[in-house]
Amino acid sequence: MTGDTLKGTRGSSDTSVPQEVLPMDKKARIYVAGHQGLVGSAILRQLQAQGYQNVITIPREVLDLLEQEAVYHLFAREEPQYVFLAAARVGGIEANRSFPAQFIRENLLIQTHVIDAAYHHGVRKLLFLGSSCIYPGLAPQPLKEEYFLNGRLEETNEAYAIAKIAGIKMCQAYNRQYGCNYISVMPTNLYGPGDNFDLNTSHVLPALIRKFHEAKIRQDKQVVVWGSGKPRREFLHVDDLASACIFLMQNYDQPEIINIGTGKDISIANLASLVKNIVGYEGKIVYDHSKPDGTPRKLLDTSKLKALGWQPQITLRQGIESTYRWFTEK
Ligand code: GDP
């Protein structure tokens, strides 16, 4: 696609007149990019439950977000007014270590195409899903938004983090230069229905649910948990994340990043015991020290979000119980 064909309804002005902030009403045309994934599917469910009538979704078999031209055509045809950018290549610690090239390339392409198409087609507001791994690996805890770009990244997911950082900076640059209203939210570790339960590429929580469930069925004597069990992580149910994203689409118009989490963390060892208990497995837990621990602790400071009036509703136990039910019934 040439530069000429990229001129959209916003024109090529580089003045920074802030756009008028219009409320996202129930008839607004809302595009959820990545609606087949964990986050996008939860945002879609929540929008539908809240009565939004014009939610646009395109299956990945029909629209490949890695193809720039296809993304521009989608925006020209559907004219979305609001965009939730939840499409991304994501994965757990081992997937990030094994496939850094795919993580950086695909995320850079997807987000660049969607953010730029949104600008050229006059989208009123876009919400970009970042990640808590954009923070320095050894930053003080809990992680405040101001620690962004204050130190070295954790190396196990650096490629992914760099792509997400580029997305945040791109949103901020478009806000500054073109007067866009693109916000970036940083969720903590997520889980819930629709998660990836593949043991090689998943995050820890779905992996533990699957490992304990299968060990219970097979009556195995032990379950292997990666690393030392000492790292601490914070877990947010994806339905809570979706509710926070819709809340922020309606109530937050700042270019600075904003954290979404529960404000509570748990060690991997305690998480393993909790999942074991919920699944009803009676064997032993052993640790595989050849696997990486990753960053020692990742807990978000959520005071900014709390001050706006949003709080999570689903406790970790309730969330794991319902996700386990979903896993066994799917
Ligand atoms: P991270 O938060 O980016 O480090 O991603 P993960 O969710 O993949 O891993 C979180 C922590 O859980 C790391 O310390 C892992 O070593 C640990 N962990 C323990 N068992 C597992 C497992 O079976 N799968 C994964 N992905 N992580 C595990």
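A disulfide would need the two sulfur atoms to lie within 2.5 Å. C171 is also buried, at 0% relative accessibility. C245 takes part in no disulfide either, since the nearest cysteine sulfur, in C171, is 13 Å away. With a relative accessible area of 0%, C245 is buried. By this distance rule the count comes to 0 disulfides. Please keep in mind that this is a predicted model.

Let us turn to the ligand. There are 17 residues around the ligand, and I93, K211, R233, P292 and D293 come nearest. By type, the shell divides into 8 nonpolar, 5 polar and 4 charged residues. Two elements, α6 (204–218) and β7 (222–226), each supply at least two residues of this shell. Of the elements, α6 gives the most, with 3 residues.

| Protein atom | Ligand atom | Distance |
|---|---|---|
| N189, polar side-chain atom | oxygen | 3.0 Å |
| S202, backbone N or O atom | nitrogen | 2.9 Å |
| V204, backbone N or O atom | oxygen | 2.9 Å |

How much of the ligand's accessible area does the protein cover? On its own the ligand has 530 Å² of accessible area, and the protein covers 98% of this.

As for its pairing, β7 runs parallel to β12 (residues 284–288), and 5 bridges link the two strands. Within this pair, V223 has I285 of β12 as its bridge partner.

Elsewhere, an open sheet is built from 3 strands in the order β11-β8-β13, with mixed pairing. Its edge strands, β11 (266–267) and β13 (297–298), each pair on one side only. Strand β8 (residues 232–233) is joined to β13 by 2 bridges, and these two strands run parallel. Here R232 stands opposite R297 in β13. The other residue of β8, R233, brings us back to the ligand, as R233 is among the residues that come nearest to the ligand.

How values were computed: Residues numbered from 1 in each chain as written. Predicted model: local features only at pLDDT ≥ 70, side-chain atom pairs only at ≥ 80, totals over all residues. Heavy atoms only, no water. Near = heavy atom within 4 Å. Polar contact = N/O pair within 3.5 Å; in protein donor to acceptor, adjacent residues only side chain to side chain. Areas by Shrake-Rupley, 256 points an atom, 1.4 Å probe, with all protein chains shown as cover. Helix = DSSP H or I, 4+ residues; strand = E, 2+ residues; numbered from the N terminus. Nonpolar A, V, L, I, M, F, W, Y, C, P; charged D, E, K, R; others polar. Pairing = 2+ DSSP bridges. Buried < 20%, exposed > 50% of the residue type's maximum accessible area, 1.4 Å probe, protein only.
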